[in-house]
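User: Please take a close look at the helix packing for me, and spell out the cut-offs as you go.
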Amino acid sequence: MTTRKNALVTGANKGIGRETVRRLAALDYKVWLGARDAERGETAAQALRDEGFDVEWLALDVASDDSVAAAAKTAAARISSVDVLVNNAGIAPGYVEALAPDGRYQRPPSQEDIAHMKATYDVNVFGPVRVTRAFLPLLQTSPAARIVMVSSYLGSLARASGNSQSPNVMGYGSSKTALNAISLAFARELAPHGIMVNAAAPGYTATDLNAHRGGRTVQQAAEIIVRLATLEPGGPTGGYFDENGPLPW
Ligand SMILES: NC(=O)c1ccc[n+]([C@@H]2O[C@H](COP(=O)([O-])OP(=O)(O)OC[C@H]3O[C@@H](n4cnc5c(N)ncnc54)[C@H](OP(=O)(O)O)[C@@H]3O)[C@@H](O)[C@H]2O)c1
């Protein structure tokens with residue numbers, strides 16, 4: 001058992017998650033790099049170890065109850081607490097295929113595939129619920145745990161209703177709206193335990209999720225996630241933020 005602070009980031013073998021691992025490791029956390037695939041997870045963890053960081057792959061498929069339970073058991077055998085949980089794993093099936101050459105999203109809600117929506121909800125909505133519940137015993141033994149839900153501007157109903165330019169991505173966007181609600185629900189439950197729970201909007205970022213169409217870098221995207229993961233006592237909980245401050249739900 002170690003007294004070092006521990007962080008867990010889900011879906012962290014690439015993209016925003018991997019950069020978040022790097023940033024937390026640079027802040028001297030031991031970081032558990034959650035990934036569902038052994039080769040992708042171990043390769044990413046080894047690359048970060050080669051940079052000098054204390055990073056270990058943790059087998060974690062957020063869509064599987066069994067995988068999440070096994071990951072929590074593995075972690076509990078190695079460490080006594082988790083200080084930071086970043087629920088980052090996310091998918092947007094069908095999104096890239098629906099982009100026009102100019103980058104505009106073109107699939108109307110009435111043509112969204114329900115199988116895609118169900119898969120999206122299983123990872124983006126139920127995934128964070130599964131992982132948060134399974135790791136709660138380890139989070140509660142931390143003196144000041146922080147949970148960050150990686151949301152999106154597309155989860156904001158205020159933004160969607162007030163801005164016709166906002167892409168109308170029904171399945172993915174509504175999964176992030178649900179995630180925002182879940183973030184607030186956990187924040188209310190866990191506030192008495194000193195655990196802060198907030199949702200982060202990283203902005204449209206060049207990753208595999210959007211075939212690298214996003215205009216932001218993973219370094220920029222990780223900024224608000226790391227800030228919310230390392231809040232001082234007395235900081236906000238139950239909020240929805242980008243790097244410039246609170247966002248309208
Ligand atoms: N990129 C953007 O513009 C943007 C904007 C707003 C919010 N976000 C959010 O940011 C988060 C990270 O996205 P990203 O852009 O970095 O995308 P990405 O590069 O596609 O990375 C997504 C990560 O999630 C993992 N993942 C997918 N399904 C999983 C599962 N069932 N269990 C565990 N891990 C799983 C992927 O693993 P595999 O390699 O095994 O598939 C990958 O590591 C997501 O929640 C996304 O919705 C992204």
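Analyst: First, the contact rule: two residues touch if their C-beta atoms, placed from the backbone, lie within 7 Å. Keep in mind that this is a predicted model, with local features needing pLDDT of at least 70 and side-chain atom pairs pLDDT 80 or more, while totals for chains, interfaces and linings use all residues. Residues are numbered from 1 along each chain as its sequence is written.

The chain has 7 helices and 8 strands (DSSP runs, H or I of at least four residues and E of at least two, numbered from the N terminus). Its C-alpha trace spans about 50 × 40 × 30 Å along the principal axes.

Let's begin with α1, residues 15-26, and its partner α7, residues 218-229: their axes sit 9 Å apart, at an angle of about 55° (axes are lines fitted to C-alpha atoms over the stretch in contact, with angles from 0 to 180 degrees between N-to-C directions). That makes the pair oblique (under 35 degrees is roughly parallel, over 145 roughly antiparallel, 65 to 115 roughly perpendicular, the rest oblique). On the α1 side you'll find Gly 15, Ile 16, Glu 19, Thr 20, Arg 23 and Leu 24, and they meet Val 218, Gln 219, Ala 221, Ala 222, Ile 225, Val 226 and Ala 229 of α7. Sorted by class, the residues of this contact come out as 8 nonpolar, 3 polar and 2 charged (Ala, Val, Leu, Ile, Met, Phe, Trp, Tyr, Cys and Pro are nonpolar, Asp, Glu, Lys and Arg charged, the others, Gly among them, polar).

α1 also matters for the ligand shell, where it contributes the most, with 3 residues (a residue is near if its C-beta atom, placed from the backbone, lies within 6 Å). The whole shell numbers 30 residues, and the closest are Gly 11, Gly 15, Ala 89, Gly 90 and Thr 207. Its make-up is 12 nonpolar, 12 polar and 6 charged.

Now for α4, residues 114-140, which packs against α6, residues 170-190, at about 15° with the axes 9 Å apart. These two are therefore roughly parallel. α4 brings His 116, Met 117, Thr 120, Tyr 121, Asn 124, Val 125, Pro 128, Val 129 and Thr 132 to the contact, and α6 brings Gly 171, Tyr 172, Ser 175, Lys 176, Ala 178, Leu 179, Ile 182 and Phe 186. The tally there is 10 nonpolar, 6 polar and 1 charged.

α4 has another partner in α3, residues 65-78, at about 20° and again with axes 9 Å apart. So α3 and α4 are roughly parallel too. Here Asp 65, Val 68, Ala 69, Ala 72, Ala 75 and Ala 76 of α3 face Arg 130, Val 131, Ala 134, Phe 135 and Leu 138 of α4. By class, this contact has 9 nonpolar residues, no polar ones and 2 charged.
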